[in-house]
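My plan is to write down each thing I look up.

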Amino acid sequence: MKEIDEVTHKRLDAPEKKSKPSRKAKKWAKKNPWFLKEGCEEMTERAYCLHVQAKARGFKADSDDYYNHIDTGMRAAFRDYAWTHEAPDTRLEDNNGTS
């Protein structure tokens, strides 16, 4: 039991690794100006919940399916928001894998 407690303690004390956002993540954030903005905390919180859900369901982070999952969930949760970009089916990359 002591070994498990030590491992758990080490994990809790370890600083969370923060990586720089990918180009795709930056593009998504730009298309969603509410993200991380004052007054839109509820939307940002919901996006984080959808992120956790997507990871739990096995979506590859930064994939089109991952972003579509978040966009679809956001549109369902905030139907009255004036969405300015196309429906979630749109690709964030062109066929050559570039933006």
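In which helix does Lys31 lie? I find Lys31 in helix H2. The model is predicted, so I keep confidence in view from the start.

**Entry 1: Lys31**

Lys31 has 26% relative accessibility. Buried would need under 20% and exposed over 50%, so Lys31 counts as partly exposed. Lys31 and Trp83 are 52 residues apart along the chain. Their C-alpha atoms are separated by 9.3 Å.

**Entry 2: overall layout**

I counted secondary structure. The protein has four helices and zero strands. Along the sequence I read the pattern α-α-α-α. Of the 99 residues, 25% are buried. I also looked at contact range. Among contacts with a separation of 6 or more, 50% join residues 24 or more positions apart.

**Entry 3: confidence**

How high is the average pLDDT of the protein? I note an average of 80, with 68% of the residues scoring at least 70. Residues 94–99 fall below 50. Beyond near neighbours in sequence, that stretch has five contacts in the model. By helix, confidence is lowest in H1 (residues 2–13), with a mean of 50. Confidence is highest in H3, at 96. Where pLDDT is low, the predicted coordinates should not be read in detail.

**Entry 4: H3 against H4**

I turned to helix packing. The axes of H3 and H4 come within 9 Å and cross at roughly 135°. That angle makes H3 oblique to H4; roughly antiparallel would need over 145 degrees. The crossing is right-handed. I listed the residues that meet. H3 brings Met43, Arg46, Ala47, Leu50, His51, Gln53 and Ala54. H4 brings Tyr66, His69, Ile70, Gly73, Met74 and Ala77.

His69 is in helix H4. Is His69 buried or exposed? At 13% relative accessibility, His69 counts as buried, because the limit for buried is under 20%. Leaving aside neighbours within four places in sequence, His69 is in contact with Leu50, Gln53, Ala54, Arg57 and Phe59.

**Entry 5: H2 against H4**

H2 and H4 pack at an angle of about 25°. Their axes are 12 Å apart. That makes H2 roughly parallel to H4, since the cut-off is under 35 degrees. This crossing is right-handed. From H2, I noted Lys24, Ala25 and Trp28. They meet Asp64, Tyr67, Ile70 and Asp71 in H4.

Ala25 is in helix H2. At 21% relative accessibility, Ala25 counts as partly exposed. Not counting residues up to four places away in sequence, Ala25 touches Asp62 and Tyr67. I also checked Ala25 with Ser63: they are 38 residues apart in sequence and 9.9 Å apart in space, C-alpha to C-alpha.

**Entry 6: the nonpolar core**

Which residues have the most contacts inside the largest nonpolar core? I find Trp28, Trp34, Met43, Ala47, Ile70, Met74 and Trp83, in a core of 13 residues. H3 and H4 are the elements that give two or more residues to this core.

Leaving aside neighbours within four places in sequence, Trp34 is in contact with Trp28, Cys40, Met43, Thr44, Ala47, Met74, Tyr81 and Trp83.

**Entry 7: positive phi**

Most residues other than glycine have a negative phi. I stopped at two residues. Leu36 has phi near 65°, a positive value in a residue other than glycine. I place Leu36 in the loop between H2 (23–31) and H3 (41–56). With a relative accessible area of 58%, Leu36 is exposed.

Where is Asp62 placed? Asp62 is in the loop between H3 and H4 (64–77). Its phi is near 75°, again positive in a residue other than glycine. At 28% relative accessibility, Asp62 counts as partly exposed. I already had Asp62 in the notes, as one of the residues that Ala25 touches.

Definitions and conventions:
Residues are numbered from 1 along each chain as its sequence is written. This is a predicted model: local features need pLDDT of at least 70, side-chain atom pairs count only at pLDDT 80 or more; totals for chains, interfaces and linings use all residues. Side-chain values use heavy atoms; hydrogens and water are left out. Buried means under 20% relative accessible area, exposed over 50%, partly exposed in between (1.4 Å probe, protein chains only). A nonpolar core is a set of buried Ala, Val, Leu, Ile, Met, Phe, Trp, Tyr and Cys residues joined through side-chain atoms within 4.5 Å. Contact means heavy atoms within 4.5 Å. pLDDT is the predictor's confidence in each residue, from 0 to 100. Axes are lines fitted to C-alpha atoms, for helices over the stretch in contact, and angles run from 0 to 180 degrees between N-to-C directions. Angles under 35 degrees count as roughly parallel, over 145 as roughly antiparallel, 65 to 115 as roughly perpendicular and the rest as oblique. A crossing is left-handed if the near helix is turned anticlockwise from the far one by less than a right angle, and right-handed if clockwise.
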